[in-house]
Amino acid sequence: MARKYVPEEIETKWQKVWEDEETFVTPNPEPGAVPVGKGSDATYVLEMFPYPSGSAHMGHVKNYTMGDVIARFRRHQGQRVLHPMGYDAFGLNSENMAIKTGEPPAKFTEEAIATINRQLRRLGVSIDWTREVVTSRPEYYKWTQWLFLQLYKKGLAYKKEAPVNWCPSCQTVLANEQVVDGACERCDSPVEAKKLTQWFFRITDYAERLLQDFDKLESWPERVVTMQRNWIGRSTGADVVFGIVDDEAGAAGDETGAAREDLKVTVFTTRPDTLFGATFFILAPEHPLVEGLVSGTSCEEEVKRYVAKAINTSAIERASVEKEKTGVFTGRYAVNPVTGGKIPIYVADYVMMDYGTGAIMAVPGHDERDFAFAQKYGLEVIEVIDTPAEFKDADGRLTAAYPGDGVLVNSGRFNGLSKAEGIVKVTEWLKERGKADFAVNYKLRDWLVSRQRYWGAPIPIVYCEKCGEVPVPHEQLPVLLPEITDYAPKGKSPLAAAEHWVNTKCPVCGGSARRESDTMDTFVDSSWYYLRYVSARRDDVAFDRAAVDYWLPVDQYIGGVEHAILHLMYSRFFTKVLYDLDLVGFEEPFRRLFTQGMIYYRGAKMSKSKGNVVSPDEMVAKYGADSVRSYVLFMGPAESDAEWNDQGVEGVYRFLGRVWRQVTDAIDEGLLRAAKTAPAWDPAALSSAERALLVKTNQVIEKTTVDIGERFRFNTALSAIMELSNDIGAVRTSGLRETPSGRSVLAFALKMMVRLLEPFAPHMGAELWGMMGHEAVWDASWPEADSRFLTDETIELAVQVNGKVRDRVVVAQDASAEDVLAAVKELPGVVKYLEGMTLVKEVVVPGRLVSLVVK
RNA sequence: GCGGGUGUGGCGGAAUGGCAGACGCGCAUGAUUUAGGAUCAUGUGUCUUUGACGUGGAGGUUCGAGUCCUCUCACCCGCACCA
């Protein structure tokens, strides 16, 4: 008697089998057993590892299911698949819990890991758990610290004073990500800028390679590449040196004025061609020259007041484009290096200290911002690029800045050049005179990695009274996090208060020393975890080179687009550094990247505060893992956002129930007792109904293979399998089961349906495949479509006359165009439209349609 | 402002330049059932229905356009005084 479909029963059964038999454990090849380099049989499928806050959500379910479908599919194709899992376990969630409760963050972290671990196993994700990594455990962060030291030795990790985000209420430094609209994410107080000495990684050294190596990627979403490109923000132009002179009256600055004539300020500009139109000069309020320039002048008071105000204005407010431009005159002048003319120097907060040199030449005629400033302060505007009339008033004066292309005018010897020529010629002319050079500028800043936080990897540096800054030697790693009781930050890292830990001995001279008390940004942990998986249990190396060479780079990386910039760019940077250190043999870690869309519910992103969360646990309990897995991929294209629909998951559950019944009923009828291998059908001996089902089955094999393997269109793969199920259902009452060949076709269709569905619904796949008398569906090779049965013998073509479908014609699949046309011209629906007309064109699209044009 | 993307039934969505709406949800009718649920069958873009119209809008290319080109509107995402 057919068993009822009880997902929980079969799912827990197979999950236990997979666990007990270590089905998905994939060891590294024995040393020497494989050729050096990436294994031709090796595939690395990786999903971004979760941050363990509480429990897994539907986004995780989608992410890990997608990876699992691909991993299972590749295994069926004969690949050895590395499909590991781990936890990005350092970070603020557990730390904030610790601050609130006084209990150690490790406790919350490990609890969350246990929960997510259980959830992933309950979903039947085929993971090699022997490779699990947890970034907050000493056996992992030992190697994070080791990597820090590799960068340190290369001069890529360094300290400098830098402004950071400071929350006065929480008494702590915040990461940029924790600053939301200029306010603290946790308490909403406005964030202040504070100068602190911080550790940085010199990612700017790699800016050019990070841009160039996009060419080395096989398949990344264009928008991710674009976002990174914009973030790196390369622009080309020139550094131009301006001299500074005293004001003509010389009243206030007489005594020091002489010295200032030698003073030089460099600006970066993308438009050296407009230099003749530079009518004033601006310094950022934070520019180091400002104070000296104005000291003792009549402008001093006003400038100092302005600077103080600008520095106290929040970054968000100051960066607002809508804000009216403001500035103050310094009483000093710069010398335009091409005209020799004196131009006034202003201080204005629309010039930022952290881009370029913090000083600009202002060309109001051809820069909108400079134009607005010139208007407000009555400064001269000169047209130096021939400007279209719509930018001018009746007198020919500019009414708006013209930033476009044009011919140079009012520019002396350079008149008549194009914008592009002007950029080159003006720079070259100045370069010969030592006043400029070609320059490239990036928006990318060095990566600030120190955090004044407890729950992170300690930076492995000690400060010795005698030897200064000393890296912790390899043998002394890991620098363990000390156990403390008060996790609340008080302006510096909670670690700084752990005196017994901070006080240590200098590794060089043995004298008394103090440990660095800052910890590393958690993005450091996640920038190399994909390497650790290959050697997760090794305690003598971070990763084994031969194993890395065999498995990496990652063939398919899958995750959310929210990591488009930070995580993905930091990982690319790390890989390049490791390549330069000859620790890995490739420069890009992720060959193919897939960014999945988010799951919404009731019109919004799921969140606990909105109370619109769909719990994976509840859904799995109600419908089973197979249904939840299948539904998250059936919702729509995996890369698009999609809205969770309670009835949608029910529909998929019904579909799986139908598959279950179709197969179990067939087994009860003895239909599947047929031979275990596919019979070699004789095309000529098949009835049309048999052939139709056989063709459908082969078409679905073909489509599913392409949809999973090449297109990542899981929704259409599932649709196709549903169609197959519908067709199987439709022959239930037909005569198909009355003949041996009919029964064998039906049995074949049922088997293929189970096989094709298995990556999505692996438990049902294992159960039904077993009930059919086979073993270990997860090891079976992927079905291949039989090209003899991909099309039917006859096909129906639509017949168009002047673009409108007027009739249909059934012809042999391989009929010639002549035969088709001859048949078409007999059709009553066509004859009607041909009468009294002249046939001017005939188009036959094989397998599609026929199109006739008449006049 | 700059960059990227998306617009198709009541809903999610499908469609190498070739019969728009596959598949699923929902809905309707029927069968089964004491009833409900489940299951099965049939139907389901719109309209003034012998036919016409339909993929945000307007043009264009083509025998043929959701798909390619030009312009335009709406929404979403990223960056944003980047010199």
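Contact, as the word is used in this note, means heavy atoms within 4.5 Å.

1. Basis of the note. This is a predicted model, in which local features need pLDDT of at least 70 and side-chain atom pairs count only at pLDDT 80 or more, while totals for chains, interfaces and linings use all residues. Residues are numbered from 1 along each chain as its sequence is written, chains are lettered from A and ligands numbered from 1 in the order in which they are written, and side-chain values use heavy atoms, with hydrogens and water left out.

2. Residue R755. R755 belongs to helix α24 (residues 740-757); helices (H or I, at least four residues) and strands (E, at least two) are DSSP runs, numbered from the N terminus. Beyond its neighbours within four places in sequence, R755 is in contact with H76, W769, V777, A780, S781, W782 and P783. R755 is buried but has no salt bridge, E758 being the nearest side chain of opposite charge at 5.5 Å. Buried means under 20% relative accessible area, exposed over 50% and partly exposed in between (1.4 Å probe, protein chains only). A salt bridge requires a side-chain nitrogen of Lys or Arg within 4 Å of a carboxyl oxygen of Asp or Glu; Lys and Arg count as positive and Asp and Glu as negative, with His and the chain ends not counted.

3. Surroundings of RNA strand B. A residue is near the strand if one of its heavy atoms lies within 4 Å of it. There are 51 residues around RNA strand B, of which T270, K325, R369, K443 and R808 come nearest. Helix α23 (residues 714-730) gives the most to this surface, with six residues.

4. Individual approaches to the RNA. Phosphate oxygens of RNA strand B lie 3.0 Å from a side-chain N or O atom of S235 and 3.2 Å from a polar side-chain atom of N726. For R808, a polar side-chain atom is 2.3 Å from a base oxygen of RNA strand B.

5. Helix α20. Nine of the 10 residues of α20 (residues 625-634) are buried, so this helix is largely enclosed by the rest of the structure. Among the buried residues are D626 and R629.

6. Residues A776 and S851. A776 lies in the loop between α25 (762-771) and β29 (794-801) and counts as partly exposed because its relative accessibility is 30%. In strand β32 (residues 849-854), S851 is buried, with a relative accessible area of 14%.

Technical notes
A polar contact is a pair of N or O atoms within 3.5 Å; within protein, one must be able to donate a hydrogen and the other to accept it, and residues adjacent in sequence count only if both atoms are side-chain atoms.
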